[in-house]
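Visitor: I am new to reading protein structures, and I would like to take a close look at a single part of this one. Could you please guide me through the sheet and what packs around it?

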Amino acid sequence: MKKTIFVSTAISALGIALLTGCGTDAHYVNSDSSHLVTTVGDINIQDFANAANAMVQSLNDNYISQDKLRSGAQGQPALLAISRIQNETGEQFDTDLLVKKISVALNRTGKVQTSTTYGIGGPADPIAADMQRQQELNQGVGSRRPDYTLSGKIIEVRDRAGDTRQSSFVFQLSLSSNAGVAVWEDEKTITKQGTRPAVGF
């Protein structure tokens, strides 16, 4: 009987040792570092950051820095509204992981402001929308309309050869004027290959 108990205890201890000794302790990493987990079949946080940076750079180089940006209010930055960003991948995620990074970067240029009262499915900030309506009623003037809208799509393409899996995520964005003309468009493709998840270095 004592021998059975001893064997059982030893097996349990070995199991705990394997579970705790073979893993990596939880720790913080910089979100901008190269030490982040990379998975082939998912859009990782660094993929959203890379796509957003590429889009902001393209928009700056090909439109904003060329003084093509137009504002409907003299002396004020152009007003941008976020339109539909479609997730055509098999993953569930909030597209703000991409869009918020872009709107923050554009606002910091001082040439663009983002509207929080215009948006697909309702205003991003309902209180600001109510305050805007009240101000319009008090002053008897209409609200300022956005000068531009940002729309886009995220598409996923998967391939496999033997044990190697490949996923490509295509980020497509368009900037449209309030005349309904696409004044800037670009796309960024991020492709990953592997047989298992990895930590990048």
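Guide: What follows goes from the strands to the helices, then to the core and the charged pairs. Please keep in mind throughout that this is a predicted model.

Let us begin with the sheet itself, which is open and has five strands in the order β3-β2-β4-β5-β6, with mixed pairing. At its edges stand β3, residues 112–119, and β6, residues 182–194, and each has a single partner strand, so one side of each is left without a neighbour in the sheet. From one strand to the next, the twist averages 30 degrees.

Helix α2, residues 45–64, lies across β3, β4, β5 and β6, and it runs at about 150 degrees to β6. Helix α3, residues 96–107, lies across β2, β3, β4 and β5, and it runs at about 135 degrees to β3. In the loop between β2 and α3 you will find T95, a residue that is buried because its relative accessible area, 17%, falls under the 20% limit. Leaving aside residues up to four places away in sequence, T95 touches I85 and N87.

Between these elements we come to the nonpolar side chains. In soluble globular proteins, such side chains tend to be buried together. The largest nonpolar core in this model has 28 residues, and the members that touch the most others are L98, I102, F171 and L175. At least two residues of this core are supplied by each of α2, β2, α3, β4, β5 and β6, while the largest share, eight residues, comes from α2. To see how one member is placed, follow L98, which touches F48, A51, A52, I154 and F171 when residues up to four places away in sequence are not counted.

Finally, let us turn to the charged residues. Side chains of opposite charge can pair when their charged atoms come close. The model has four salt bridges, and one of them is formed by D47 and K192, whose closest N and O atoms are 2.7 Å apart. Because D47 lies in helix α2 and K192 in strand β6, this pair ties together parts that are 145 residues apart in sequence. D47 counts as buried, at 6% relative accessibility, and K192 is buried too, with a relative accessible area of 8%.

Another salt bridge brings together the side chains of D147 and R144, at 2.8 Å from N to O. In this pair D147 counts as buried, at 6% relative accessibility, whereas R144, at 24%, counts as partly exposed. A further salt bridge links R158 with E156, and here the closest N and O atoms are 2.3 Å apart. R158 counts as partly exposed, at 48% relative accessibility, whereas E156, at 16%, counts as buried.

Terms used: Residues are numbered from 1 along each chain as its sequence is written. This is a predicted model: local features need pLDDT of at least 70, side-chain atom pairs count only at pLDDT 80 or more; totals for chains, interfaces and linings use all residues. Side-chain values use heavy atoms; hydrogens and water are left out. Two strands pair if DSSP finds at least two bridges between them. Helices (H or I, at least four residues) and strands (E, at least two) are DSSP runs, numbered from the N terminus. Axes are lines fitted to C-alpha atoms, for helices over the stretch in contact, and angles run from 0 to 180 degrees between N-to-C directions. Contact means heavy atoms within 4.5 Å. Buried means under 20% relative accessible area, exposed over 50%, partly exposed in between (1.4 Å probe, protein chains only). A nonpolar core is a set of buried Ala, Val, Leu, Ile, Met, Phe, Trp, Tyr and Cys residues joined through side-chain atoms within 4.5 Å.
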